Amino acid sequence: GIENGSVVDGGAGDDDIRDAIDINVIAPLQLIRAALPQMIAAGGGHIISIGSISGLYPLVSALYSASKGGMRRAMQTLRVEVRGTGIRVSEIAPGRTETELVDAANLAAADRERMRVSGVEILAPDDVAAAVAFALDAPLHVNIGLIELTPTEQAIGGATFTPYRG
């Protein structure tokens, strides 16, 4: 579980850090690099990345957020690099979604319990797919750069204070 290994408590080892960057940044960039020549030759196309709200805002895991934030910056810059080619570049950044993330993540027990949501309707994979379809269905002269998609009950922001108990 590389998704949320903590760099603070040592839960994320060197292999976890490498895996997170490999999976969330290097592999997508390699796929994009492989597809771009054909897209450029065809005179257009659409690259869509499934990011995360964690790539936009500080949330639970520095490691996961860094990998998703790195891909966010890559997508923004890719949009600049492909200008004039007819290629559109979009990122869908979902919040809490019904996936195996919490079960697969390298989380401390307290964090795992906090991440579990009960009584709140979170996003379904179909909600994320609908956002992808929305970006794809836009007129060809329209690029939707980012869709920030969260459950109605999930609000990002605010300040939390934790007293230092040194």
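Please bear in mind that the structure shown is a predicted model. The protein has 166 residues, of which 35% are buried. Among contacts between residues at least 6 apart in sequence, 75% join residues at least 24 apart.

After the helix comes G43, whose phi is positive, near 80°.

Which residues of helix 1 are buried? They are D16, A20, N24, V25, I32, L36 and M39. Several of these positions follow a spacing that the geometry of a helix explains. An α-helix has 3.6 residues a turn, so residues three or four places apart point the same way. The cover over the buried residues of helix 1 includes strand 1 (45–50), helix 2 (62–81) and strand 2 (87–94).

Let me turn to the pairing with helix 2. Two packed helices are described by the angle between their axes and the distance between the axes. Here the axes of helix 1 and helix 2 come within 8 Å and cross at roughly 20°. Helix 1 is therefore roughly parallel to helix 2. Their crossing is right-handed. On the side of helix 1, the residues that meet helix 2 include A20, N24, I32 and L36. Their partners in helix 2 include L63, Y64, M71 and L78.

Technical notes
Residues are numbered from 1 along each chain as its sequence is written. This is a predicted model: local features need pLDDT of at least 70, side-chain atom pairs count only at pLDDT 80 or more; totals for chains, interfaces and linings use all residues. Side-chain values use heavy atoms; hydrogens and water are left out. Buried means under 20% relative accessible area, exposed over 50%, partly exposed in between (1.4 Å probe, protein chains only). Helices (H or I, at least four residues) and strands (E, at least two) are DSSP runs, numbered from the N terminus. Contact means heavy atoms within 4.5 Å. Axes are lines fitted to C-alpha atoms, for helices over the stretch in contact, and angles run from 0 to 180 degrees between N-to-C directions. Angles under 35 degrees count as roughly parallel, over 145 as roughly antiparallel, 65 to 115 as roughly perpendicular and the rest as oblique. A crossing is left-handed if the near helix is turned anticlockwise from the far one by less than a right angle, and right-handed if clockwise.
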